[in-house]
Amino acid sequence: MDITGKLLLFCGPSGSGKTTLVHHLLKIHPRLKFSVSATTRPMRETEKNGVDYHFLSVDEFKKKIEANEFVEWEEVYKDRFYGTLKSEIEKIWMNNGIAVFDVDVEGGLKMKKIFGDRLLSVFVMPPSVDELHNRLRTRNSETAASFEARIAKSEHELTYAFRFDQVIKNDQLEDALADAERIMEKFLYNS
Ligand code: ADP
Ligand code: 5GP
């Protein structure tokens, strides 16, 4: 079956488990390719430029907005811009890949509007707000200000879940990984 041109998108509050689920799917399905977004936030110790994100200055990011290089972009947190690059999707499609996205809720809805049924939008739901905060704290990736900004946004983001094609509850990780695999298979092969 020809699955070329399909797109798989993950959304959810920071700490809900998007990266964990996406990395798992990328590992098990050779045709899935991660669309590396651009961002102006600082790089974490665990990240690599060009792999997790294209890390840019605010000026560089704004030049790309002016040059119309983004499919969508958002100022997700104050002065922290994130955007999906047209060039990433083109590169993935040139190589017969299935593009996988990890974007915020607003960006996710924009992408769904643009790509329609070719794109499956998946919302990753934490078991509770307290557990979401625990996981974010345990990940230990944020400064105090960035942690607070993420917490402040999370409850509002959770209200978007019903607008997505699928919701994965990420309580027990094994179950969530299995759900993600099942949802991916069904979307790609209708099986
Ligand atoms: P996001 O990409 O949505 O910000 P991550 O995938 O980085 O979230 O997950 C946030 C943290 O929670 C990470 O440290 C990750 O290892 C951990 N985590 C993810 N899923 C679970 C789970 N089901 N149970 C416990 N910890 C989890
Ligand atoms: P983080 O800084 O934790 O990697 O990501 C913060 C938020 O930005 C997450 O909700 C993530 O999904 C979102 N994000 C990452 N890349 C993009 C993008 O290209 N566009 C949009 N709109 N949001 C993004």
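Visitor: Why is Asn68 called exposed?

Guide: Bear in mind that this is a predicted model. Asn68 has a relative accessible area of 51%, and the label "exposed" asks for over 50%, so Asn68 gets it. You'll find Asn68 in the loop between helix H2 (58–66) and S5.

Visitor: On to the ligand. How do you know that Ser37 makes a polar contact with ligand 2?

Guide: An N or O atom in the Ser37 side chain is 2.6 Å from an oxygen atom of ligand 2. A polar contact is a pair of N or O atoms within 3.5 Å, so this pair qualifies.

Visitor: What about Tyr53 and Asp102, how far are they from an oxygen atom of ligand 2?

Guide: For Tyr53, a polar side-chain atom lies 2.5 Å from a ligand 2 oxygen. For Asp102, an N or O atom of the side chain is 2.6 Å from an oxygen of ligand 2. With the limit at 3.5 Å, both pairs therefore pass. As for cover, ligand 2 on its own exposes 510 Å², and the protein buries 96% of that.

Visitor: Which residues come nearest to ligand 2?

Guide: Out of 19 residues around ligand 2, the nearest are Ser37, Arg41, Tyr53, Tyr82 and Asp102.

Visitor: Now the pockets. What makes up the lining of the largest pocket, by class?

Guide: Ten nonpolar, 15 polar and 15 charged residues. Arg and Asp count as charged, so Arg41, Arg44, Asp102 and Arg139, which are among those nearest the centre, fall in that class. The volume is about 910 Å³, and H1 gives the largest share of the lining, five residues.

Visitor: And which residues lie nearest the centre of the second largest pocket?

Guide: Pro42, Arg80, Glu142, Thr143 and Ser146, from a lining of 14. That pocket holds about 280 Å³, and H6 contributes most to its lining, with four residues.

How values were computed. Residues numbered from 1 in each chain as written. Chains lettered and ligands numbered in written order. Predicted model: local features only at pLDDT ≥ 70, side-chain atom pairs only at ≥ 80, totals over all residues. Heavy atoms only, no water. 1 Å grid on protein atoms, 1.4 Å probe; cavity = no way out; pocket = protein on both sides within 12 Å on 5 of 7 lines; lining within 4 Å. Points joined across faces, edges and corners; volume = space filled by probe spheres on them. Helix = DSSP H or I, 4+ residues; strand = E, 2+ residues; numbered from the N terminus. Buried < 20%, exposed > 50% of the residue type's maximum accessible area, 1.4 Å probe, protein only. Near = heavy atom within 4 Å. Polar contact = N/O pair within 3.5 Å; in protein donor to acceptor, adjacent residues only side chain to side chain. Areas by Shrake-Rupley, 256 points an atom, 1.4 Å probe, with all protein chains shown as cover.
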